[in-house]
Amino acid sequence: MSGLLWLLISLPLGGGAVLVLTGPRSPRTVPALGVAVAAATLGAAVAAAVTRPTASAPLFAGMRAGLTVDGLSAVMVVTVAAVTTAVLAFAAGEFTAAENRGRFFGLMLLFAGAMLVTVTATTLPLLLMAWEAMGATSWALIGFWWRRPGRAKAADVAFLTTRTADLGLYLAAGAALAGGDGSLSLDALPHAAPPWLHVITAGVVAAALGKSAQLPFSFWLSRAMQGPSPVSALLHSATMVAAGAYLLLRLHPLVATTGWAGPLVAWTGALTALALGVVAVAQTDLKQLLAASTSAQIGFMVLAAGSGGVAAGTTQLVAHAATKSALFLAAGAWLTALGTKRLPALRGAARRYRLVGAAFTVCALTLAGLPPLSLWAAKDEVLATARAEGAGLYTVGLVAAAVSAVYSVKAVRCVTRPLPEDPESGYDTEQRGTRRIAPTTPLPLLLLTLAAAVLGVLALPGPAAWLKDLVGAAGEPGPRPWELVLSAGVALAAAGLAWWWGARPAPVPDAPARAAQGWLHLERVAWTVVVRPVLGLARALAVFDDRVVDGAVRQTARGGLAAARFARRLDDGGIDAAVRAISSGARSLGRWARRPQSGLLHQYYAQAAVCFSVLVLIILLVR
């Protein structure tokens, strides 16, 4: 059955590459081909989830590229493929023929294919390759409209932030090799010997938190909103940000082995859920609100991973994927129709476009954690694992759940209020709106909304036990009846308070509100704490290189040139002069030697007599 697994990853990767290269030649057929490839991938994912294939191939000396579909990855491959298919079906009506559809649909398939390799990889080298491919394609997708001001810079910020955290995986791989694990198998990482075990864990945690936009890396998710809405829908639901949470769930034995990593991960997730929830409440832009809520909701998955709730985190991940992808598609439909994503300008949008409004309302209430919708049950699963770790963690998680009800109801209230007298005055702030919903919008939006509403069945006693057995977490604690009642009451109370508070006049933003709207100024802090010192160090090293290293090289070169000039003068004025003098003397002697050669015999006799006399004189003098 290994052929099925190779087919599962080859379909999106191969199809995406073909569309990127050949799409501009046939732009009209690209959307249909992209959706067809995604649908075929979904079929292969379902088949792989049933048959559980395993594949392996040689990669490097002593290392293999391993792939497998086990219980956890079976859930993930179906989720990734299903959301990708729905998002691409929606996107088929969002892009005009004048745009490069081949590049968009091809990159989206490559993005999804990289995620499929990530969730099925069993060895660290293959995981790293897929991790890098996912980051590169996300950069290209966020900056898809790179000619528009700020889009390319936003893609750079998102890419560089996640790449900085991704260095942790390279650190983990190096530590695993240093610890003697030549295979770099993910299952072998928890068995590494100290201190390499702690280095491996630190690298994995850093990479996962960065990819999932957890504190302090959360700000890159705000920048990612510069991409097209379908990109946001896929990136924020089943790929990219979900990859970090998945990695922590997959490597929970590694996190639990060290002793310190579990509490660190759990508290980071809980605090991110709370802090970014507050950020979401303060937003006046719908996509920014949804982006902050993504970071907050991923925080519940990270909380579950740190608390040992593998099944709870998986339930939260799947329910959130359907919910958030539908919300972003609804926001994208309004952006296309009305040309704006500002919440005040979207007043009455749900009444004007009722189908999109109904789907958005259901998914937003699901995001709020209201019973009996899916994320209410999923959050209770997560909170049950947090309670097992400590009352403090449970309390922070419960407060974060209440905050999620506030920002969700805030969005619902904005879009469901009656239309203002002059709604057109607030439109077209981002782009020129079409004033219509694309015909490809309803079906994927309704299917995702249905999934968002009913996936809470995974938290019911029977399905929950099945899921725990599936992912190998049979002993995981579940919520007690009083916890279900408490969380439902808290969510309803927070939702009611948010609805009542929304009727009040909007307050003038003060410093804390502006900080929350600016994502707690995390990007500014990163610039001050990390980027500026690094750039300063780089400038100092550049000066050192110019003045010391290059200066020494230049001085050495100058010395060499001076020595060469001296050697040239010595050669020209000494050696060459001596050679010229010798040759001149030789020529003079030659001229003098030719003079006695007159050809007259009596002169030769006279010369011989003179020479004989001189020789006799010399002999007499010597004696």
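**A loop residue and its surroundings**

Author: Asp 428 is partly exposed, with a relative accessible area of 23%, where buried means under 20%, exposed over 50% and partly exposed in between, using a 1.4 Å probe and protein chains only. This is a predicted model, in which local features need pLDDT of at least 70 and side-chain atom pairs count only at pLDDT 80 or more, while totals for chains, interfaces and linings use all residues. Residues are numbered from 1 along each chain as its sequence is written, and side-chain values use heavy atoms, with hydrogens and water left out.

Reader: Where is Asp 428 placed, and what is phi there?

Author: Asp 428 sits in the loop between H18 and H19, and its phi is near 60°, a positive value in a residue other than glycine. Helices here are DSSP runs of H or I with at least four residues, strands are runs of E with at least two, and both are numbered from the N terminus.

Reader: Which other non-glycine has a positive phi, of about 55°?

Author: That is His 521, with a positive phi of about 55°, found in the loop between helix H22 (residues 511-517) and H23. His 521 counts as partly exposed at 28% relative accessibility.

Reader: Changing topic to charges, how many salt bridges does a search of the whole structure find?

Author: The search finds 12, a salt bridge being a side-chain nitrogen of Lys or Arg within 4 Å of a carboxyl oxygen of Asp or Glu. One of them joins the side chains of Arg 223 and Glu 523 at 2.9 Å, N to O. That pair links distant parts of the chain, since Arg 223 belongs to helix H8 (residues 219-223) and Glu 523 to helix H23 (residues 522-594), 300 residues apart. Glu 523 counts as partly exposed, at 29% relative accessibility.

Reader: And what does the side chain of Lys 341 meet in a salt bridge?

Author: Lys 341 meets Glu 430, at 4.0 Å from N to O. Lys 341 lies in the loop between helix H14 (310-338) and helix H15 (349-352), whereas Glu 430 lies in the loop between helix H18 (391-416) and helix H19 (442-454), 89 residues apart. Lys 341 counts as buried at 15% relative accessibility, while Glu 430 is partly exposed with a relative accessible area of 36%.

Reader: What about Arg 435 and Glu 424?

Author: Their side chains also form a salt bridge, at 2.9 Å from N to O, and both residues are in the loop between H18 and H19, 11 residues apart. Arg 435 is partly exposed with a relative accessible area of 24%, and Glu 424 counts as partly exposed at 38%. Salt bridges with shared partners join Arg 352, Glu 424, Asp 428, Arg 432 and Arg 435 into one network, which brings us back to the residue we began with.

Reader: Is Leu 343 buried or exposed?

Author: Leu 343 is buried, with a relative accessible area of 3%, and its place is in the loop between H14 and H15. Leaving aside residues up to four places away in sequence, Leu 343 touches Gln 283, Thr 284, Asp 285, Leu 286, Leu 289, Lys 410 and Cys 414, where contact means heavy atoms within 4.5 Å.

Reader: Now packing: at what angle do H3 and H4 pack?

Author: Helix H3 (residues 71-91) and helix H4 (residues 101-120) pack at about 170°, with their axes 9 Å apart. That makes H3 roughly antiparallel to H4. The contact of H3 with H4 has 14 nonpolar, 3 polar and no charged residues. On the terms, axes are lines fitted to C-alpha atoms, for helices over the stretch in contact, and angles run from 0 to 180 degrees between N-to-C directions; under 35 degrees counts as roughly parallel, over 145 as roughly antiparallel, 65 to 115 as roughly perpendicular and the rest as oblique. By class, Ala, Val, Leu, Ile, Met, Phe, Trp, Tyr, Cys and Pro count as nonpolar, Asp, Glu, Lys and Arg as charged, and the others, Gly among them, as polar.

Reader: Last one, where is the cis peptide bond with omega near 5°?

Author: The bond from Leu 215 to Pro 216 is cis with omega near 5°, and Pro 216 lies in the loop between H7 and H8. A cis peptide bond also joins Pro 194 and Pro 195, with omega about 0°, and Pro 195 lies in the loop between helix H6 (151-178) and helix H7 (196-211).
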